[in-house]
Amino acid sequence: MEAASLPGGDRGILSRSPLARLPDRALKYGLTALAALILALIVYFFVRLVGQARPAFAKEGVFGFVFGNDWNVSAEHFGALPLLLGTLITSALALLIGVPVAVATAIYATELCPLRLRAPLTVLVELLAAVPSVVYGLWGIFFLAPKLQGSEQWVADRLSFIPFIGGGLVTIPNYFITGLVLAIMILPIVSAISREVMSTVPADHKEAALGLGATRWEMIRIAVLPYCRSGIVGGAMLGLGRAIGETIAVTILIGDAPKLGDHLFAQGYSLAAVIANEFGEAQGVHRSALFAAGLVLFVLTLLVNGAARLLVLRAARGTSSAAGKQTSGPTTLLADATAGA
Amino acid sequence: MSANATSSDRLARFALSPARRRKDRFARAGVLAATAIALVPLALIVYYLLRKGLGAWSTSFFTTDPTGNTFFGGSSIGGIKSAILGTIEIVALASAIAVPIGIGVAVWLVEYGKSSWFAQTVRFFVDVLTGVPSIVFGLFVYIVLVVGTGSTYAGYKGSIALALLMLPVVIRSAEVILLLVPAALRESALALGAPRWRVIFNIVLPTALPGMVTGVLLAVARAAGETAPLLFTADATLKTNFNLGGFMNSLPVQIYKDVTSPTTAVVNRAWGAALTLVVMILLLNLVARLISRRSRLA
C-alpha cells in the first residue's frame, strides 16, 4: 500500500522512469549495432571480392590460377604462381634478415643496455615505423639499390655454384633488395613485440640463472629466450603478415617482370605489386584476375596473422598471470604493441 | 702465504672458464653490433631525406601545383601544393569517420560486450582488419564505391579506404586505454545514481581522453603515409581541389608517380615531397608522445 502511493506509480523506489531509461537503451543498442556493423562489413567485403574474382577463377580454375606459372596479360593467361612466389621469396628474405636483428635489439634494450639508453633506443627503432612505405621505396631505389649493386654482383659471382642464388646478372630492382628493405620495414614491429614479451620474464628466473653462476649471455639463453619463444615467433609472424601485404615499396623495388626471376638478384613481381601496377589499365578478365590476386593476398595474410595472434596470445597468457600485471591482459599486450608500431 | 693461495684456489673454483667468458663477450658484442646495424638504415634514410629533400624545398615548392609538364625540368614542373592539401583533406575526413566509430566500438567492447562471445568475435574480426593489406582496402572501396555506384574516383572514397585502415588501430588503442579507467570511478558514479550513459560520457570518456588522443594520432600518422588505398580510389588530378567529391591528389601518390620518372627534377620533387610527408608524420608522432606522457593513465 505504501509503495503504490509513491509518485512513480508501481515502480520500485530505486528504478528510473521508462523515459529516463531511454538514453541508456539507445546507447547500448546503438553501440552494439556499431560493433555488429564491423562484422557485417568484413563479411560483405569478402563476398564482394569473391564475386569480382569469380570470372578469373572460372577461366583458370582456382588451382590453375594460384599455381599456374604463366602471367601473360596480352594472351589472357592468368597463373599467379610467379607473383605468389615473388611475395613469398621477398617476405622470407625479410624474415631471415629482419628477425635476428630485431630480436637482438630487443635483447639489448631489455637485458644489456644501460638504463639511460633504453628509452632513446626504443624511440629510435620505432621511428622506423613512422617512415611511410613510399619513402622506403624512394630511398631503396635511388640510394640503397645502386650502392649495393656492386656487392650484390660480387656475391652472385662467388656463389654462382648455388642454383637460384648466384650466377646471373644483378639488376637494380631485384628480389634481394626488396627483401632487405622489407626487413627494415618489419624491424620495428618484431622488435616491439619481442621487447614486450621479454619484459614479462619474471625477475626470479633471471636472478636464479645468474645466482647459479650463469654469465649474462647464458642467462639470456636459458632464462629469457625459452620463456619468450612463442611470443617472438608470433611477433615474427606478424612481421611476415606486414611483409606479405606491403605494396608500394615492393612495387618500386621488385621491378615488373611477370615471370619467376631465375635468381635472387633478378627482377620479379609480387601479388601486391601486380595490383598496384596493372589495376589502372586493366579490363575484363585481367581486372578480375587482379581481384583474384587480391583475394589470394587477403587469405594469405589472414592465415599468417591468425597463426601469429594465436602464438602471441598463448605467450602472453602464459606470462601475464606469472608477471601479475593486472592491467595488461593478453589481448591488450598485443594491441599495445601493434598500435605503437 | 699458504692461506692466500688456498683462498684464491677457492675463488678459482667460481671463476669463469676462459671459453665461457669468451662466449659471453662474443655474444654480447654480437647483440650490440646487431643493434647498431638496426640503426644504420634510420640514419641513412634521415640523412638522404634531408640532403635531397631540403634541396628541393623552396617557397614556390609549397605554393604551386605540380604540372604535367615534366619535359623541360626546372621550375616548370611545379610544386606539391595540391598534394599537401589533398593529404590533409583526405586524412581529416578519414579521421572524422574512423574516430567516432572506432571509439564507439571500443566503448561497447569495454562497457557492454566485455568477454561475451559476441565481443570476442568482434575483437577477432578487428584483429583480422589490422592484418589486411592496405591495397586490399583499396580494392574493397573500389568494388563498393566505384564499380558499385558506376562512378569514378573521388577524394571521399580515398578517405573511406583510409578510415577502414585506421579503424582497427583506433579501436584497439582506445580499448586498451578504456580498460585502464579505474573500476572504482565507474562504481562510485553508478552508486550515486548516475545512469550508464552519463557514466560513460561524464566519467569514463573524459578520464580516458588523453590516452585515446594518442592512439588516434598514431592511427592518423599511419593513414597519412599510405599510398596503396588511394591509388584507385582518390587519385587522378594535379590541381588543388577543395571538393572531396572530386579527384584529389595526395603526397604519397605524388611521390609514387614521381619515383618512376626519368627526369631528375621530378625525382627531386619526390624527395622534397617525401621530406614534407615524413616531417608531417613525425610531428603527429611527437604530439602523440607528448600527450601520452601527460596522460594520467598508462
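What is the mean pLDDT of chain B, and what percentage of its residues reach 70 or more? In this predicted model, the mean for chain B is 85, and 91% of the residues of that chain reach the mark of 70 or more. For the complex, the predictor reports an ipTM of 0.86 together with a pTM of 0.86.

Turning to the interface, contacts link 75 residues of chain B with 71 residues of chain A. On the chain B side, the greatest contribution comes from helix 2, spanning residues 18–56, which supplies 16 residues. Sorted by class, the residues of chain B that touch chain A comprise 54 nonpolar, 12 polar and nine charged.

A helix pair across this interface can be followed in detail. Two packed helices are described by the angle between their axes and the distance between the axes. The crossing of helix 4 of chain A and helix 2 of chain B is left-handed.

Which residues of the two helices meet? From helix 4 of chain A come L124(A), V125(A), L127(A) and L128(A), and they meet A38(B), L39(B) and L42(B) of helix 2 of chain B. This helix-to-helix contact consists of seven nonpolar residues, with no polar and no charged ones.

Definitions and conventions
Residues numbered from 1 in each chain as written. Chains lettered and ligands numbered in written order. Predicted model: local features only at pLDDT ≥ 70, side-chain atom pairs only at ≥ 80, totals over all residues. Contact = placed C-beta atoms within 7 Å. Helix = DSSP H or I, 4+ residues; strand = E, 2+ residues; numbered from the N terminus. Nonpolar A, V, L, I, M, F, W, Y, C, P; charged D, E, K, R; others polar. Left-handed = near helix turned anticlockwise from the far one by under 90°. pLDDT = per-residue confidence, 0-100.
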